Amino acid sequence: MGNINGSTVEELQSCESHQWYRKFMTECPSGLLTFYEFKKFFGLKNLSEMSNAYVTTMFRTFDMNDDGFIDFMEYVAALSLVLKGGVQKKLRWYFKLYDIDGSGCIDREELLQIIKSIRAINGVPHEMSAEDFANMVFDRIDINGDGELSYEEFMEGVQNDEMLLKMLTESLDLSHIVNKIQGELRVNN
């Protein structure tokens, strides 16, 4: 969810909305994106069980009304969040994404699972292992030491730690997905 290489939000905004709608409707003529179509839409195939679980969680966070589908408005809202959402909105989304079981807290295992899945999907090598990264996050922001990050601990801790904020933002950089969509829009016009 970081910067988009070679593009700006203004360039994306200048891309007329009917092109996005046409792309969306071409991929899912019913106007409702199923989980299967979501994976196909973003070229996510042959995923490990853990990566598939991450994509499922991501799909659910984009499915704002919990009906099992992503409609065009949810799609636009998700892209808007990815491209131009402020830090607070992105952190709120990250928290929801990391809180796999919906308990209102993130435990070390949930964070580790998501980090491993994101890395598997992105395919980018990292200097720090997923385990070390998860441990570092908890060491830095688990204020009360209970092994869980509440929403408040997460929001405050990440916002007050520039290095963590940068690392989390880079780990969830979805610009390759947006670039893929933009490329297909240019080819089809």
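View 1. At 36% relative accessibility, E131 falls in the partly exposed class (buried is under 20% relative accessible area, exposed is over 50%, and partly exposed lies in between, using a 1.4 Å probe and protein chains only). K116 is partly exposed too, with a relative accessible area of 31%. The side chains of these two, K116 and E131, meet in a salt bridge, 3.1 Å from N to O; the term asks for a side-chain nitrogen of Lys or Arg within 4 Å of a carboxyl oxygen of Asp or Glu. K116 belongs to helix α7 (residues 108–122) and E131 to helix α8, so to speak two distant parts of the chain, 15 residues apart, are linked here. Helices (H or I, at least four residues) and strands (E, at least two) are DSSP runs, numbered from the N terminus.A quick word on the model: it is predicted, so local features need pLDDT of at least 70 and side-chain atom pairs count only at pLDDT 80 or more, while totals for chains, interfaces and linings use all residues. Residues are numbered from 1 along each chain as its sequence is written, and side-chain values use heavy atoms, with hydrogens and water left out.

**View 2. D161 and R140, another salt bridge.** Here the side chains of D161 and R140 meet at 2.5 Å, N to O. D161 sits in the loop between α9 (151–159) and α10 (162–171), and R140 sits in helix α8, so the pair ties together parts that are 21 residues apart in sequence. D161 counts as buried at 12% relative accessibility, whereas R140, at 39%, counts as partly exposed. A search of the whole structure finds two salt bridges.

**View 3. Helix α8 from end to end.** The twelve residues of α8 should span 16 Å at 1.5 Å a residue, and its end C-alpha atoms are 17 Å apart, which agrees; the expected span is 1.5 Å times one less than the number of residues. Which residues of α8 are buried? They are A130, F133, A134, M136, V137, F138 and I141. UniProt, in an unreviewed entry, places the feature "domain: EF-hand" at residues 50–85, 86–121 and 129–164. Its positions are given in the numbering used here, feature names are shortened, and annotations may be inferred rather than shown by experiment. Over residues 129–164, the chain is 67% helix and 8% strand, with the end C-alpha atoms 15 Å apart.

**View 4. F154 and the largest nonpolar core.** This core has 45 residues, and F38, Y75, Y98, L111 and F154 have the most contacts inside it. Helix α8 (residues 130–141) gives the largest share, seven residues. A nonpolar core means buried Ala, Val, Leu, Ile, Met, Phe, Trp, Tyr and Cys residues joined through side-chain atoms within 4.5 Å. Leaving aside residues up to four places away in sequence, F154 touches L91, Y94, F95, Y98, I106, I141, L149 and L168, where a contact is heavy atoms within 4.5 Å.

View 5. The whole structure holds nine aromatic pairs. The ring centres of F72 and Y75 are 6.0 Å apart and their planes are at 35 degrees, so the pair is tilted. For the terms, rings of Phe, Tyr and Trp (its six-membered ring) pair if their centres lie within 6.5 Å; planes under 30 degrees apart count as stacked, over 60 as edge-to-face and the rest as tilted. Both F72 and Y75 are buried, and both lie in helix α5 (residues 72–84), three residues apart, about one turn of the helix. Elsewhere, F35, F38, F59, F62, W93 and Y94 form one aromatic cluster.
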